[in-house]
Amino acid sequence: MNAQIAAILAIDGIASGAIYVLIAIGFVLIFAVTRIIFVPFGDITAFTALTLASLENKQMPGTVGMVAVLAVMATLMEVFSLWRKGALGKIPAALFFYLALPLIPAAIAWATAGTLLPTPLRLLLTVAVILPIAPLLNRIVYQPIADATVLLLLIVSVALHFAMSGLGLLFFGPEGVRTQSLVDFTTFIAGTPVSGQAMLILGSAIFFSFLLYLFFNFTLYGKALHATAINRTGARLMGIRPQQACTIAFLLGSVLAAVSGILIAPVNTIFYDSGFLIGLKSFVGAIIGGMVSFPVTAIGSMFVGILEGFAAFLSSPFKDVIVFSILIPVLLWRSYTLVHAEEEDEE
Amino acid sequence: MSRQITIAIGAVALLALLGAPLYLAPFSITLLNYIGVYSLVALGLVLLTGNAGMVSFGQASFMGVAAYATAWTSSVMGFSPWLGLILALVATGLIAAILGAVTLRLGGHFLSLSTIAWGLAIYFSFGNIPGLGAFDGLSSLPPISIGGIALVDSGQIFYMIWGTLLLTMLAIHNLLDSRVGRALRALRGGNTLVESLGVNALQIRLVTFVIAALCAALSGWLYAHMGRFVSPTPFDVTMSIIFLMMAMIGGSGYLLGAVLGAAIIILLKNGIQDVLPKIAPGSSGQLEVVVFASLFILFLQRARNGIVPFIAQWIPEPRRERPPQAELLPRQPQPAKETALMQVDAVTRRFGGLIAVNDVSFDVRAGEILALIGPNGAGKTTMFNVITGALRPSAGRITFAGKDITGANAAKIAAAGIARTFQHVKLRPKMTLIDNVLLGTYGRTKAGFIRSALRLDRAEEARARHEAMRQLERVGLGDRPYELAGNLPLGNQRVLEIARALAADPVLLVLDEPAAGLRRQEKLALAELLRTLRAEGLTILLVEHDMDFVMGLVDRIVVMEFGCKLCEGEPAKVRADARVQEAYLGGVA
Amino acid sequence: MALLSIQNVSVSYGKAEAVRNVSLEVDRGQIVTVIGPNGAGKTSLLTSVIGMIPAAGRVIFDGTDITALPTEDRIEMGFCLVPERRELFADMSVYDNLLLGAYTRRDGSAAIKASMEEVYGRFPRLRERRAQKAGTLSGGERQMLALGRALMAKPKLLMLDEPSLGLAPLITREIFKIIASLHETGVSILLVEQNARAALETAGFGYVMETGEIVHSGSSATLIDDPRLISTYLGGGASH
């Protein structure tokens with residue numbers, strides 16, 4: 001390997017690392033607010049890519065059916081629980097939030113199937129169709145067991161991932177997709193070719209991380225979310241509703257997952273089940289950050305991306321093995337640095 | 001249902017199982033074989049998840065390591081499957097030990113997350129090593145042969161599989177009902193209690209993790225020689241979650257639950273495979289995963305306890321005899337009365353800028369009851385934690401029976417002869433009274449994992465049981481030793497904690513707010529018990545809020561306020577002290 | 001009509017009953033204190049009134065039965081609890097903590113800014129430290145921040161759980177002075193304290209709680225000289 005190759009690999013690695021940064025930050029964000037390790041998060045990324053590809057091919061994306069199914073289930077559950085509580089007055093609002101709102105973008109995608117929308121609209125529609133999935137899953141799957149331990153929520157998450165990937169195959173089919181490049185130029189930096197897509201990916205990662213920073217530091221909702229993450233009881237005493245905070249966290253996380261899906265779609269061929277590996281690699285980054293620190297998570301995810309780039313060059317079949325094996329030294333380091341709050345009496 | 005009927009049903013079930021190859025079709029026997037093989041993995045998870053509280057998504061990959069080890073030995077190298085078994089156990093055990101040593105310190109969700117990652121890493125390795133047939137796998141494995149008979153037929157290996165399963169169940173059953181088994185079961189409520197009893201929690205976790213992996217290894221070995229073909233697919237993460245599903249649906253924590261869970265899942269899978277193609281002809285494969293995952297989620301939301309506890313309510317409690325008389329466990333010598341047993345010398349503890357304990361000194365004399373009192377926030381609990389090894393002092397020295405124990409960890413303090421109770425009662429509510437007290441004898445007994453699994457620990461166990469029973473009787477809880485600790489009212493739970501502490505044969509008993517939350521009668525009974533213990537020569541240090549409780553009971557009092565020692569002396573003198581009244585009633589002067 | 005009326009409230013943890021059949025009232029603009037030794041069930045009482053733990057009995061606030069409402073709805077109605085553990089957002093600045101205190105207010109940023117100035121005026125120390133993280137404050141400053149954060153919500157009823165806990169006498173005195181001065185703003189206060197003397201000197205009416213039950217009640221002036229109070233705190237004495 002000479003310096004030239006190393007530079008190319010590094011740039012490749014930085015680009016995929018930037019994707020992992022977006023997803024890993026989403027993981028940490030959702031975990032901090034909800035205590036849920038949202039394993040199906042990578043699936044959301046993959047579904048975004050598949051949705052975008054369908055829209056490009058003037059087809060109705062499978063996401064429409066998926067959102068419809070989830071929205072109906074969530075609405076039924078919400079209405080039933082309101083009816084049991086005797087809070088019938090809240091039913092219209094529930095219908096609006098759980099049924100109408102998620103179905104609007106899906107309906108647009110359904111209605112416009114057959115026409116090719118201009119790129120910005122297409123991207124926007126893709127994000128809008130994807131956004132409701134995670135909050136709806138939260139209502140259906142997690143809200144009934146919101147008080148469960150982190151470990152139980154994790155088991156549920158893993159099971160949910162398998163349900164989602166099965167649904168993915170059902171709604172999207174087994175074919176892999178790759179979308180058109182969003183930008184199409186290559187520049188040379190110090191003699192090394194850098195694709196426009198790589199620059200776009202890195203730029204987006206920086207941009208969205210910065211947006212998130214602004215949200216958390218300069219808006220009341222951002223601060224309320226942060227407050228819920230660091231002290232749930234304190235937040236409730238301020239009148240911040242934990243379930244509302246959870247929904248916002250899932251929505252924000254979904255934005256990040258959707259963006260990463262749009263960015264990765266032109267670079268990698270994405271299948272209905274590609275999300276799991278993408279998600280898990282981002283996870284390695286999140287674990288490096290101890291599931292708490294955003295900056296360390298970003299650095300960790302970048303490191304995972306670069307490592308993967310070099311590993312792919314050295315031994316393509318074993319690149320995943322190498323990436324996951326890095327967890328062992330990371331955990332060893334973490335076991336000496338993280339102070340672990342004891343989880344008491346889980347029985 | 002009476003006890004005889006239960007036994008009869010059990011015997012009939014066992015006979016029906018053993019005779020199965022005689023009357024069942026080969027396909028049903030194959031199903032039973034799968035149930036047996038998968039039950040072994042689920043059994044490991046029952047131990048790991050249900051009893052020790054650790055969740056692993058990597059069991060299928062452990063099974064795979066063993067399957068590949070034996071496939072390589074027997075198919076590629078041409079050796080006997082029995083050599084393959086040894087290699088399978090060694091390889092799996094080693095990998096589990098290394099992975100466990102790295103991640104078990106972190107515990108909780110980190111452990112589980114990392115099992116997904118290395119589960120995948122191991123899975124990808126199978127698929128990418130050409131010597132192991134890559135994604136095509138290895139075929140034409142030889143059958144296992146016993147005494148010249150090759151177990152080719154599904155009816156033949158059936159006995160091998162179910163024999164192994166029943167023996168493993170027996171060994172794990174023995175293990176759970178032993179000294180280490182109790183420590184292992186106590187782990188899931190957290191480390192604080194078990195470490196205060198002198199248990200090395202990390203070591204117990206590690207060995208448990210390895211045992212669960214070895215169960216998966218046995219299963220992998222049988223699996224490889226049952227189908228006589230291995231490929232990576234059956235060992236991926238999907239399979240791991242199905243194993244977890246088996247263990248939890250059966251009722252994680254119950255050995256029989258592993259078998260029941262495996263049977264239900266396999267029969268369900270079989271049923272779904274028959275039904276789904278009729279409903280959705282083109283996509284039954286995908287739907288199967290969705291159906292399984294959704295059912296599992298529904299189960300976790302609605303009925304986490306699983307099936308066995310549900311069935312168990314109709315099965316009569318086995319009648320357990322009171323432990324018989326046995327030789328007493330060895331005891332420590334008690335120090336001579338009135339000598340200084342513990343000296344706390346100028347101890348200070350800071351948290352950041354906050355000084356919680358400031359230059360506090362006092363002695364505890366052998367044979368006395370000393371109370372450490374003071375209003376809320378005075379630093380008593382911090383002082384208590386420093387004495388019991390939960391916190392290190394920032395400055396100062398603590399000596400106990402002539403030895404310096406400053407900053408020693410909880411296990412060392414326990415070994416030195418100090419036993420403690422907790423302000424928020426730390427019992428294992430789902431363990432019986434006698435098991436809770438037996439936890440206290442951990443430091444006085446020796447049997448390890450292997451001795452326990454093979455039942456070579458019974459003599460020592462009998463002595464420990466006798467001792468636990470003696471302590472239960474001593475505190476007045478001797479009438480129902482097999483009641484669950486969680487069913488006791490708070491007052492008795494506190495007393496049970498004292499019995500557990502006494503079972504450790506301490507020189508000094510340290511009690512953290514023993515009277516908090518007790519009713520008047522309970523307080524009187526507790527005071528009476530402590531007086532008796534003092535009369536028997538035990539030294540007691542108690543931290544208390546309740547002046548009423550302390551006054552008539554203790555020999556001396558140390559009063560703390562704002563982290564400092566306010567005064568020290570006999571109850572009457574302390575009570576009359578104006579500064580103490582001020583501290584307790586407060587003042588705005 | 002009383003602002004808050006607690007009727008026959010009981011709280012149980014499993015088999016242990018922490019609060020037994022407690023009834024009490026807080027009138028508009030009044031400071032009422034509940035005193036009693038540790039473990040008497042005072043904190044459980046407050047936590048159940050704010051709706052964070054389930055309880056039997058009824059809670060009436062401002063003429064509405066709120067027994068079935070979740071905590072957040074009660075906060076929106078004008079409840080505020082400063083809990084024993086303060087529950088500050090340790091990782092956030094003093095300013096952000098105060099801002100979140102006004103989370104339920106919908107009367108515009110100008111009004112919230114004005115409240116912030118008012119809080120800074122009352123606690124000049126918080127203004128000095130407004131950019132500092134709450135976790136780095138001293139014990140007294142934390143209590144001030146917790147009080148300030150509560151005032152940001154403009155509550156109708158302020159419930160304080162052991163505001164003097166762990167504070168040095170000088171700071172305790174300052175905190176009680178502030179509590180007394182809050183009285184002038186018209187807010188009603190339910191003060192739970194172990195520091196009986198300070199609490200009774202601040203409040204107009206007092207209840208004494210012991211092992212989950214109210215054992216005496218009366219105006220502060222009569223309670224403060226009652227010899228039975230000493231027996232409650234120091235044991236032995238008249239009640240036996």
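This is a predicted model: local features need pLDDT of at least 70, side-chain atom pairs count only at pLDDT 80 or more; totals for chains, interfaces and linings use all residues.
By salt bridge I mean a side-chain nitrogen of Lys or Arg within 4 Å of a carboxyl oxygen of Asp or Glu. On bookkeeping, residues run from 1 along each chain as its sequence is written, chains are lettered from A and ligands numbered from 1 in the order in which they are written, and side-chain values use heavy atoms, with hydrogens and water left out.

Back to that pair. R182(B) sits in helix α8 (residues 179-186) of chain B and E461(B) in helix α19 (residues 458-474) of chain B, so the bridge ties together parts 279 residues apart in sequence. Helices here are DSSP runs of H or I, at least four residues, and strands are E runs of at least two, numbered from the N terminus. Are R182(B) and E461(B) buried or exposed? Both are buried, which is to say under 20% relative accessible area; exposed is over 50%, partly exposed in between, with a 1.4 Å probe and protein chains only. They also belong to a salt-bridge network, along with D177(B), R455(B), D457(B), R458(B) and R465(B).

Zooming out, chain B has 24 helices and 12 strands. Of its 589 residues, 58% count as buried. Its C-alpha atoms fill a box of roughly 90 × 55 × 50 Å along the principal axes.

Over to chain C. K42(C) and E162(C) make a salt bridge at 3.5 Å, N to O. That one links distant parts of the chain, 120 residues apart: K42(C) is in helix α1 (residues 42-49) of chain C, and E162(C) is in the loop between β7 (157-161) and α7 (169-182) of chain C. Both of those residues are buried.

Then there's E117(C) with R127(C), at 3.3 Å, N to O. Here the partners are 10 residues apart, in helix α4 (residues 109-122) and helix α5 (residues 124-128) of chain C. E117(C) is partly exposed, at 42% relative accessible area, and R127(C) is partly exposed too, at 33%. Over all chains, the structure holds 44 salt bridges.

Last thing, confidence. Chain A averages a pLDDT of 88, and 97% of the residues score at least 70; pLDDT is the predictor's per-residue confidence, from 0 to 100.
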